[in-house]
Every structure is written in C-alpha cells, then in structure tokens.
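Try each task before you read its solution.

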Amino acid sequence: MLITKGYATKGPKSPLEPFTFERRDPGDTDVLIDIHYCGICHSDIHQARNEWGGSTYPMVPGHEIVGRIARVGKAVTKFKVGDLAGVGCFVDSCGVCDSCREGVEQYCDASPVWTYNALEKDGKTQTFGGYSSQIVVKESYCLRISPDLPLSHVAPLLCAGITTYSPLRHFGVKAGDRVGVVGLGGLGHMAVKLASSMGAHVTVFSTSDSKAADARRLGADSFVVTKEPKNFIPLANSLDFILDMVSAPHDFNAYLNLLRRDGLMVILGVPEKPMEIHPFSLIGKRRRLAGSVIGGIRETQEMLDYCATKGITSDVEVIPVQKIGEAYERTLRSDVRYRFVIDMKTL
Ligand code: NAP
Ligand code: ZN
C-alpha cells in the first residue's frame, strides 16, 4: 500500500485538516500520479458539508487533478513515467451498460465511481480525492494533458471545463447563438470562454456588479446585474440557450422567461434545496429544460485537446493547502477570480 498525505474533513462541520491514508499499489492497468495541482470546485464544499446528503467521512475532496505519472502497471499503454496526466470527477464505471459503451460513463447505470465520497467497485474501499499527494487510477479513466498549457490553469478544466463544454456540444450551440451564462464562478467563467470561442453571443447574469469588466475580458458580449429585476425585462424571449451554474437557491422562472420559443435552459448548478418551476415558464413558448453532469472520458479528452488548440485555460488563484478553509469561505461569498487551485507542493 502507498502511504499518502492529504487534507480531509471528519464531518460536515469540521475543518479540512492534514490526514494520512493508504492507496492501493498500482495494478497492471493502473497508473500512479504525483499530484501537482487540484482545483477547488463548489461541489467539494457541498459534499464536505453534506449539503446533498449521504456524505461519508473522513472525506478527502478534490476532482480537478493534474500531475505527472510516477509509475505505470505492466499492461499500461497510454502513459509512461513522466507524462502529464489528469483525473476528473470519476475513476471507474461498470463498463458494460449502454452509457458506458457509448462513452458517456458519467451516466453509468450503476453510477460512476466518483473520485471521492464513494466506494470502489469492490463495494468497500472508500475513494479519496485530489487534495492529496498522489492517486492511483485505471489508465482508461485518466486524461492526457498538453505540455503547452500552464498546469495550474489546466486543473479546473477537469470539472469546470468539461461540465460546461459537454452541454454546449451536446445541444449543438453554434456561432451566432444567443447564450446566457448564469453565475460567474468557476463553471461560469469557463462557460463564457468556451461559448465565446464557439462564436456564440454571450450574456452573463451575475449578482456581482464588480464582475462586469471581467465578464467582457473573458469573452462576454453583455453583462446583466441580476439584483435589479427590471434588468431582465428587455431580454424577455431573446436567448437561444442558457447554462445555469448557480450554487444557491434562485428563481429559475426569471431565466426561463428569457428563452425564445423552443429555447433550452440546462441546469448545471446543484443548490442544497429543490426549486420551483411554474409551468407557464415553459408551456407558452414550448421552452425546454434539461440537466447535464460533467462529461465522459472521450469528451473530456476532446475538451482538453480543444482547449490546448485554442489556448483556453481557467483563471486561477493558486493557494497553499493550508488555506483551503479560507478558500471555501471566499468561494461561498462569490469572491473567487475564478477558481482556487491548491499547489500540492505545499502539503
Ligand atoms: P462557484 O465558483 O461558487 O460559482 C457559483 C456562482 O453562483 C457564484 O460565483 C455566483 O456568481 C453565483 N451565486 C452564488 N450564490 C448565489 C445566490 N445566492 N444567488 C445567485 N447567484 C449566486 O461554484 P462552481 O464551482 O462554479 O459550481 C457551481 C454549481 O455547479 C455548484 O452547485 C456545483 O456543485 C455545481 N456543479 C455541477 C456540476 C455538474 O456536472 N452538473 C459540475 C460541477 C459543479 P455571481 O457572483 O456571478 O452571481
Ligand atoms: Zn466539480
């Protein structure tokens, strides 16, 4: 077994603290990755604090993992020692259901094995995430990372990047489409960069007026401060597509009413409590509402290669591991520009 250092929380109200645990020795098809950077996703906070229910402890969060391959099993073909590699939100899946066979393992019938806060396929080994020195993963659940991009800025692509790329591609967003981005956080800023790189006309909806200049720099064409209900009026029935990435309860109906006839809103954010939708927000204009979760391994690789070609990465604030608690508090105050990334050298 491999002794591994990390940061864990022992319960929903506990801080993240140093924690030592064991990982399996790499098997024939596994790789061992020395973790260099791990992003802090709002999903880490939701789960560390048990806001979705069912969290298990101790929990080592983190699913935006990048580093270098330190060891490979003897049947590994995709990686060699020294290669850059990434791990996202899941580390295994059943491999035989329709979703797995179609390469959308995130929708695995048996549930993907999440990178942390889950059990391995043996039904008893707890998974531990990327706020740690190293991780052992099947090579088929690992991603190749371009050496041309700054590694700390790539980490957030493993969740924030793919979660926004996947619905933009799946639902066929194209040049000229009018796209609304709700919530300019970790996911939101990637949505702006990716949608604008695809030629969409992007409008950001934000509670933070201080983010207006950033939104334009990231590629948005317009910026709406949502604290003023009157700001919604001129945009009624105008948008083709909306990505909603808000982490807290808010009014879906206000955004649905901005869609044109047959427009589509995709929910990505997962607030703690359910939210109400009025049928009139949908039926009068045959509007559609959908959800989407991260992306499959094939599409995540496609997104990473796309970002390498286009020079797209995340705007990050790199922090030492000792500052995770502060970073959580600042994320909760929407005070992150636009993703905290932990430098694992500081462990
Ligand atoms: P984040 O960086 O904290 O961004 C969330 C943004 O939501 C904030 O920056 C803020 O933007 C806005 N916001 C926060 N509180 C609000 C409130 N009370 N009312 C209105 N707007 C508010 O979080 P993230 O990492 O991007 O994650 C966003 C959500 O997506 C989380 O719920 C996370 O769990 C979920 N998620 C889902 C998937 C998936 O696969 N579907 C993947 C990853 C994350 P402004 O300052 O611009 O208002
Ligand atoms: Zn995430």
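A residue is buried if its relative accessible area is under 20%, exposed if over 50%, and partly exposed in between (1.4 Å probe, protein chains only). This is a predicted model, where local features need pLDDT of at least 70, side-chain atom pairs count only at pLDDT 80 or more, and totals for chains, interfaces and linings use all residues. Residues are numbered from 1 along each chain as its sequence is written, and side-chain values use heavy atoms, with hydrogens and water left out.

**Exercise 1.** Find what share of the 347 residues of the protein chain is buried.

Solution. Apply the cut-off to each residue: 57% of the 347 count as buried.

**Exercise 2.** Classify the ring pair of tyrosine 165 and tyrosine 306.

Solution. Start with the rule: rings of Phe, Tyr and Trp (its six-membered ring) pair if their centres lie within 6.5 Å; planes under 30 degrees apart are stacked, over 60 edge-to-face, the rest tilted. The structure holds 9 such aromatic pairs. Here the centres are 5.6 Å apart and the planes stand at 55°, so the pair is tilted. Next, check burial: tyrosine 165 and tyrosine 306 are both buried.

**Exercise 3.** Classify the ring pair of phenylalanine 171 and phenylalanine 241, then decide whether each residue is buried or partly exposed.

Solution. With centres 6.3 Å apart and planes at 45°, this pair is tilted. Phenylalanine 171 has a relative accessible area of 31%, so phenylalanine 171 is partly exposed. Phenylalanine 241 has 4%, so phenylalanine 241 is buried.

How values were computed. Chains are lettered from A and ligands numbered from 1 in the order in which they are written.
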